[in-house]
Amino acid sequence: MDGKITEIKKWIQKAGPLKMGMIAVCGVMLMLISCGNPFFSEKEERSGERDTDSVQTETKEDVSLDEYREKMTQELVEILRQVDGVGDVQVMLTLKASNEKVTLKDRDDKGETNREQTVLIEDSQRNTSPYIIQEKEPEPEGVVVVCEGGENVTVKREITEAVSALFQIESHKIKVMKSKEAKE
C-alpha cells in the first residue's frame with residue numbers, strides 16, 4: 001500500500017501543481033454536470049434526422065394568427081387616419097403563413113453522405129424541445145384600404161407607398177378604394 005501512495009506522490013510531483021489543478025477542476029465540473037446541477041440544466045442532445053429547417057409549434061406565449069392580424073390592422077388604421085385626405089378608413093390584411101420558428105441544425109458532412117439533425121434542449125423535467133434560433137413573424141400578403149379619400153390619386157399613392165414600406169409588399173398587392181359613405 002505504501003508503494004502505491006509513494007508512486008502517486010511521484011506522479012503528482014512530476015505533473016506539477018498547474019496540471020493537477022486543471023484535472024481537479026475538470027473532475028468537479030464533470031461531477032456537477034452528471035448530477036444535474038441547475039447551472040447545467042439545459043443539455044443539448046441530438047434527435048433523429050429531419051428534412052425541414054423549421055418547426056411550427058403553437059405555445060401559450062405565441063400570439064395567435066388572428067390576434068397578430070388584428071393588431072397589425074389596427075396599427076395601420078391608426079396611422080392612416082392621421083394622413084391628410086384619408087378620412088374614415090377601414091383595412092383588411094391577409095397573411096401568407098403563420099409564425100415560423102427556425103431551429104438549430106447539426107450538419108454531419110462525412111464523405112458522400114450529408115446528415116442533418118435538429119439540436120434539442122432538455123429542461124429540468126426532462127422534456128425536450130427544438131433549440132430555436134430565430135422566430136419569423138407572419139408575412140402580409142395583401143392589403144385592401146377603403147377610405148373617404150380613396151378617389152384622390154395623391155391619397156391613393158400615399159397610402160400605397162406607406163403600406164408597401166411598412167409591410168414590404170409589392171404595390172400591385174395593395175388596393176385603395178373610396179368608401180360608399182364618402183361625401184361626393
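This is a predicted model: local features need pLDDT of at least 70, side-chain atom pairs count only at pLDDT 80 or more; totals for chains, interfaces and linings use all residues.
Reader: What makes up the chain, and how do the elements follow one another from the N terminus on?

Author: The chain has four helices and ten strands. From the N terminus on, the order is α-α-β-β-α-β-β-β-β-β-β-β-α-β. Of its 184 residues, 25% count as buried.

Reader: Why is R126 called exposed?

Author: The cut-off for exposed is over 50% relative accessible area. R126 has 57% relative accessibility, so R126 counts as exposed. This residue sits in the loop between β6 (113-122) and β7 (128-130).

Reader: Where does Q168 lie, and is Q168 buried or exposed?

Author: Q168 belongs to the loop between α4 and β10 (174-178). Buried would need a value under 20%, and exposed needs one over 50%. The relative accessible area of Q168 is 64%, therefore Q168 is exposed.

Reader: Which residues lie nearest the centre of the largest pocket?

Author: Q168 is one of them, together with E139, P140, F167 and I169. In total 13 residues line the largest pocket. The elements giving two or more residues to this lining are α3 (65-81) and α4 (153-167). The space in the largest pocket is about 190 Å³.

Reader: What is the lining of the largest pocket by class?

Author: The lining has seven nonpolar residues, five charged ones and one polar one.

Reader: What makes E139 and K96 a salt bridge?

Author: The rule asks for a side-chain nitrogen of Lys or Arg within 4 Å of a carboxyl oxygen of Asp or Glu. In the pair E139 and K96 the closest N and O atoms are 3.6 Å apart, and the two form a salt bridge. E139 lies in the loop between β8 (132-136) and β9 (140-147), and K96 in the loop between β3 and β4 (100-103), so the pair ties together parts that are 43 residues apart in sequence.

Reader: How many salt bridges does the rule give?

Author: The count comes to six salt bridges. Among them is the bridge between R81 and E78, whose closest N and O atoms are 3.3 Å apart.

Reader: Why are R81 and E78 separated by about one helical turn?

Author: The two residues are three residues apart in helix α3, which means a separation of about one helical turn. R81 is partly exposed, with a relative accessible area of 44%. E78 is also partly exposed, at 37%.

Reader: How do you know that R157 and E158 meet in a salt bridge?

Author: The cut-off is 4 Å, and the N to O value for the side chains of R157 and E158 is 3.5 Å, so the pair qualifies. Salt bridges that share partners join R157, E158 and E161 into one network. R157, at 43% relative accessibility, counts as partly exposed, and so does E158, at 37%.

Reader: Which residues make the nonpolar surface patch?

Author: I8, W11, I12 and I23 make a nonpolar surface patch of about 410 Å². Helix α1 (residues 2-15) gives the largest share, three residues, while I23 is found in helix α2 (residues 17-34).

Reader: Where is Q90 found, and why is Q90 called exposed?

Author: Q90 is found in strand β3 (residues 89-95). The relative accessible area of Q90 is 56%, which is over the 50% cut-off, so Q90 is exposed. The C-alpha atoms of Q90 and V144 are separated by 8.3 Å, and these residues are 54 residues apart along the chain.

Methods
Residues are numbered from 1 along each chain as its sequence is written. Side-chain values use heavy atoms; hydrogens and water are left out. On a 1 Å grid over the protein atoms alone, a cavity is a set of points where a 1.4 Å probe fits but cannot get out, and a pocket is an open set with protein on both sides within 12 Å along at least five of seven lines; lining residues have an atom within 4 Å of a point. Grid points are joined across faces, edges and corners, and a volume is the space filled by probe spheres set on the points. Ala, Val, Leu, Ile, Met, Phe, Trp, Tyr, Cys and Pro count as nonpolar, Asp, Glu, Lys and Arg as charged, and the others, Gly among them, as polar. Buried means under 20% relative accessible area, exposed over 50%, partly exposed in between (1.4 Å probe, protein chains only). Patches are made of residues with over 30% relative accessible area and no salt bridge: like charges are joined within 9 Å, nonpolar side chains (Val, Leu, Ile, Met, Phe, Trp, Tyr) within 5 Å. Accessible areas come from the Shrake-Rupley method with a 1.4 Å probe; for residues, only the protein chains shown count as cover.
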